[in-house]
Structure formats: C-alpha cells, structure tokens
Amino acid sequence: MSDQLTALLANNDDTPRLILDAADYAKRVLLQDKDVPWNDATAYSNHLSSILMLLKTDVALIRIDQLLEDELAHNSTLLKAMAAKTRTGYATRALLGDETLKEKVRDLVFTAAKTQKAPVVLHLSSPKALLATADRAANPDSDANFDDDAAEFAAVYYADWIRTFAEHGIAGIIFDERAVLTTDKAYQPIRNTAEHYGWLIGHRGDDKLEFGHGTQTIPVIGAEFWDGSGTAPSAPIQFSQVPTDAVPEQVLARIKNLKEQRQTS
C-alpha cells in the first residue's frame with residue numbers, strides 16, 4: 001500500500017487528490033454523535049469505508065491518537081498500571097506496552113487495511129505530545145514538562161509499538177506536530193522502523209503536511225474554506241480537516257469544487 005501512497009504524493013495530473021481528516025465531522029454526521037466503534041474492528045472498517053465513499057478522500061486516515069484518548073478516558077485498569085510509577089515517561093511506556101490495547105489496535109488496523117481500497121495511513125500524536133497526554137491521564141495533578149531527551153525516549157517505545165503493524169499493509173504514519181513539536185532527531189528510531197517496513201512518515205503542522213523527511217510538502221486547506229468564506233491553494237494534492245460543525249451540503253459542494261479545480265484551470 002505504500003506504493004499507492006507514493007504514487008499519490010507524486011501526483012501531477014489533472015485530478016487533484018485529497019487527504020482529509022474527517023474523523024470528528026463523520027462522528028457527527030455519519031454516527032449521529034454516537035461513539036466511534038473502536039471496540040469492533042468490522043464496524044469501524046465499515047465506518048471508515050463510509051467516510052471514503054461520502055467525501056471522496058484518497059487516503060483512509062485512521063485517528064489512532066483518538067483511539068488512545070478514548071482508551072485513556074475509559075480504561076481504569078490501564079490508567080492504574082500507568083500510574084504505578086512516577087518516573088519520567090513511565091506512563092507512556094505502560095500505555096504502549098499494554099498487550100490488550102496493542103491487540104485491539106492491531107485488529108482494528110488489520111481489518112481496515114484489508115478492506116479499504118485507498119491507502120491506509122495512521123494518525124498519531126508526536127512523541128512529546130504523547131508523553132504529556134499519558135502523564136496527565138495517569139497523574140492528573142502532574143505539571144511535568146518533557147524535554148527533547150524525554151521525547152527521544154518516547155520515540156524508542158513508539159518505534160517498537162508501530163512494529164505491531166508490520167504485516168498489516170499500512171502505507172504510512174502521520175505524526176501530529178501542531179500542539180507539541182518534537183525535534184527531528186527524536187524521530188530517528190521511528191524512521192528506522194518505518195524505512196524497514198517501507199512506510200512513509202508524515203509530519204502535520206498548522207499550514208503544511210510534510211512527507212519524506214521534508215522533501216514533499218502538501219498545503220493545508222483552512223477551516224474557512226468549508227463554509228465558502230475562504231479559498232484553497234492550487235496544488236495537485238491537498239490536506240484539510242473538515243470542521244466538526246460543517247454543513248454537509250456545503251462540504252460536498254466544496255469537495256466537488258476541489259476535484260474540478262485543476263481540470264477546469
């Protein structure tokens with residue numbers, strides 16, 4: 001599947017390609033604000049297929065970071081294990097080391113990758129952001145700050161954790177750098193694992209999505225585009241997050257506009 005993503009990123013024809021983060025929008029519109037079926041791999045895969053069919057997005061983006069957040073909100077046994085020790089980074093180590101959670105994520109990604117026609121890409125928090133999220137979940141009163149050394153520590157465990165998807169046919173992983181930036185150096189263990197399995201690594205910022213160690217830059221379409229008050233850059237491939245409260249009719253009209261953008265230019 002990484003070949004499909006590589007080809008998509010190299011796209012330069014007259015049909016613009018879209019990578020959409022529509023998780024929150026789809027929860028409201030398709031699930032009617034019911035819980036995302038993280039615990040049912042088949043139901044989740046069907047939900048993901050519905051997103052692709054409705055929005056014509058060219059990548060099946062799985063918000064694994066949201067799955068982990070859901071687990072932290074509801075799994076008291078896991079939280080207890082994460083809070084067992086207070087040393088720096090222990091909560092993250094316990095989170096990523098939990099075998100039950102690992103099996104749950106493995107099943108969900110395997111089913112999705114097996115059933116989706118589009119390249120499957122996972123969306124994860126940056127290593128430093130994961131440290132903060134896990135620490136606050138395990139120790140709500142904690143005011144710990146995590147430096148670059150701690151981020152490198154987290155990346156080592158992250159690199160081992162993503163090996164879970166070795167045989168699952170994913171195409172790549174996007175790390176979200178918007179809230180907490182992680183140094184490029186800290187990603188080396190993750191890059192080593194990704195290169196071994198032929199996955200592409202992306203980094204999501206506020207105004208761009210970068211793949212290939214910064215060699216491929218994709219512009220981000222702002223939220224104002226979706227209500228008609230803003231425009232999208234002219235580019236062969238674009239990324240955007242569909243606002244949670246976007247109007248469905250406007251969303252479909254704007255996607256049609258994007259798809260026709262270069263064809264009529």
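1. Let's start with the aromatic rings. Ring pairs link Tyr158, Trp161, Phe165, Phe175 and Tyr187 into a cluster. Here, rings of Phe, Tyr and Trp (its six-membered ring) pair if their centres lie within 6.5 Å; planes under 30 degrees apart count as stacked, over 60 as edge-to-face and the rest as tilted. Before you read on, please keep in mind that this is a predicted model, where local features need pLDDT of at least 70 and side-chain atom pairs count only at pLDDT 80 or more, while totals for chains, interfaces and linings use all residues. Residues are numbered from 1 along each chain as its sequence is written, and side-chain values use heavy atoms, with hydrogens and water left out.

2. How many aromatic pairs does a search of the whole structure find? There are eight. Take Trp38 and Tyr44: their ring centres are 5.0 Å apart and their planes meet at 25°, so this pair is stacked. Trp161 and Phe165 make an edge-to-face pair, with 5.6 Å from centre to centre and 90° between the planes.

3. The charged end of Arg254 sits over the ring of Phe225, 4.1 Å from the ring centre. The test for this is that NZ of Lys or CZ of Arg is within 6 Å of the ring centre and within 35 degrees of the ring normal.

4. Next, have a look at the core. A nonpolar core is a set of buried Ala, Val, Leu, Ile, Met, Phe, Trp, Tyr and Cys residues joined through side-chain atoms within 4.5 Å. The largest one has 46 residues, and Ile64 and Trp161 have the most contacts inside it. Helix α7 (residues 99-115) gives the most to this core, with six residues. Apart from it lies another core, of 17 residues, including Ala22, Leu55, Ala232 and Ala246.

5. Contact means heavy atoms within 4.5 Å.

6. Now for the sheet. Helices (H or I, at least four residues) and strands (E, at least two) are DSSP runs, numbered from the N terminus, and two strands pair if DSSP finds at least two bridges between them. Eight strands form an open sheet with mixed pairing, in the order β1-β8-β7-β6-β5-β4-β3-β2. Why is one side of β1 (17-21) and of β2 (60-62) left without a neighbour in the sheet? These strands stand at the edges, and each has a single partner strand.

7. With β1 it pairs in the parallel sense over five bridges. The bridge partner of Leu18 in β8 is Gln238, and that of Asp21 is Gln241. Strand β7 (residues 216-221) also pairs with β8 in the parallel sense, over two bridges, and Val220 stands opposite Phe239 in β8. Four of the five residues of β8 are buried, so this strand is largely enclosed by the rest of the structure.

8. Helix α6 (residues 90-97) is mostly covered, as six of its eight residues are buried. These are Tyr90, Ala91, Thr92, Ala94, Leu95 and Leu96. The buried residues of α6 pack against α4 (64-74), α5 (76-82), α7, α8 (127-138) and α9 (148-161).

9. Thr193 has its place in helix α10 (residues 188-197) and counts as buried because its relative accessibility is 2%. Leaving aside neighbours within four places in sequence, Thr193 is in contact with Ala159, Ile162, Arg163 and Trp199. Glu152 is found in helix α9 and, at 25% relative accessibility, counts as partly exposed. Glu152 is in contact with Lys185 and Ala186, again leaving aside neighbours within four places in sequence. Between Glu152 and Lys128 there are 8.4 Å in space, C-alpha to C-alpha, and the two are 24 residues apart in sequence.

Definitions and conventions
Buried means under 20% relative accessible area, exposed over 50%, partly exposed in between (1.4 Å probe, protein chains only).
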